[in-house]
Amino acid sequence: MAELNINERQAGDVTVLDMSGKITIGEGSVALRTAIRRLLEEGKKRILLNLAGVGYIDSSGIGELVSSYTAINKEGGQLKLLNLTQKLQDLLTITKLLTVFDVYESEADALNSFK
Amino acid sequence: MTGETTELSLPSRIDTVATAAAAVAEFVGRSGISDDAAFGIDMAVREAVTNAVLHGNRQDEDKTVDIILKSSPDAVEISVHDQGPGFNPEAVPDPTAQENILKTSGRGIFFMRSFMDEVDWSIRPGGGTTVRMLKRR
């Protein structure tokens, strides 16, 4: 089984990536990078990452989230995060990245925020 | 339990990070430490081994990453040794400083220090760097 599984769906003009597994150095980080690059190439710039199923992330994975965020911003898009586990929220808090990312607990609220 | 020591010698490849983490998780599971502490140890070990593979040994498969795990009634101690030229941990910028928050790397040592009670580095006489990390029970 892949380290990180990513399922893509469309909610209006927002692309939602439902992710499960680990975003760690190697396969997991690369999978996220590849998915975000592909979406940008397809012109999909409003992206919501549903991280409910991501039980583990390391510094490489955190770096990949930051890289995704800056790449999407650079293209005039928006990246938002949904359903952080407590552990991921703790990591984003201590790294002060919780002040950078737009984070939601409800998918409806997250989707509305893109409007 | 009175104590246990385990030694591992692993190749300098990215997949060694997961191998080391799995071995440490098994060791830590036997040591009877709390789940929260085990999570912190797992985070720190992954970062330490990543640094050893990438920055220490530069993925040279002729070089190994050597890990020593010790548990005692008071703590779990993990040492990760590489064969690289060494570095100054104090020279690594603070990733939480405003100008560094959006950097895509440089958080590994910060995580190690955040999740462990003691972290220190030493240069071995024979070459290489050892990071020693301690988590108290």
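At what angle do helix H1 (residues 15-31) of chain B and H2(B) pack? Select both helices to find out. They pack at about 150°, and their axes lie 9 Å apart. Axes here are lines fitted to C-alpha atoms, for helices over the stretch in contact, and angles run from 0 to 180 degrees between N-to-C directions. Helices (H or I, at least four residues) and strands (E, at least two) are DSSP runs, numbered from the N terminus.

Before moving on, note that this is a predicted model: local features need pLDDT of at least 70, side-chain atom pairs count only at pLDDT 80 or more, and totals for chains, interfaces and linings use all residues. Residues are numbered from 1 along each chain as its sequence is written, while chains are lettered from A and ligands numbered from 1 in the order in which they are written.

**Stop 1: the helix pair in chain B**

Color the residues where the helices meet. From H1(B), pick Thr16(B), Val17(B), Ala20(B), Ala21(B), Val24(B), Ala25(B) and Val28(B). They meet residues of H2(B), among them Ala38(B), Ile41(B), Val45(B), Val49(B) and Val53(B). Two residues are in contact if their C-beta atoms, placed from the backbone, lie within 7 Å. By class, this contact has 11 nonpolar, 2 polar and 2 charged residues. (Ala, Val, Leu, Ile, Met, Phe, Trp, Tyr, Cys and Pro count as nonpolar, Asp, Glu, Lys and Arg as charged, and the others, Gly among them, as polar.)

**Stop 2: Val53(B)**

Now select Val53(B), in helix H2 (residues 35-56) of chain B. Is Val53(B) buried or exposed? Val53(B) is buried, because 28 other C-beta atoms lie within 10 Å. The rule: a residue is buried with 20 or more other C-beta atoms within 10 Å of its own, exposed with 12 or fewer, and partly exposed in between; C-beta atoms are placed from the backbone. Not counting residues up to four places away in sequence, Val53(B) touches residues including Ser12(B), Ile14(B), Gln59(B) and Val65(B). Then find Asp82(B). It is 29 residues from Val53(B) in sequence, but 7.6 Å away in space, C-alpha to C-alpha.

**Stop 3: the sheet in chain B**

Show the strands. 5 strands form an open, antiparallel sheet in the order E1-E2-E3-E5-E4 (chain B). Strands E1 (4-11) and E4 (118-123) stand at the edges with a single partner strand each, so one side of each has no neighbour in the sheet. The twist averages 15° from one strand to the next. Two strands pair if DSSP finds at least two bridges between them.

Walk across:

- E2 (residues 64-71) and E3 (residues 75-81) of chain B pair over 6 bridges, and form a hairpin with 3 residues between them. Pick Ile68(B); its bridge partner in E3(B) is Ser79(B).
- E3(B) joins E5 (residues 129-136) of chain B through 7 bridges. Val76(B) stands opposite Lys135(B).
- E4(B) and E5(B) pair over 6 bridges. Trp121(B) stands opposite Val131(B).

**Stop 4: the cores**

Switch to chain A. The largest nonpolar core has 31 residues. (A nonpolar core is a set of buried Ala, Val, Leu, Ile, Met, Phe, Trp, Tyr and Cys residues joined through C-beta atoms within 7 Å.) Ile47(A), Leu48(A), Leu49(A), Leu51(A), Ile57(A) and Leu88(A) touch the most other members. E3(A) gives the largest share, 7 residues. Back in chain B, select Leu69(B), Val76(B), Val80(B) and Met133(B): they are included in a second, separate core of 27 residues.
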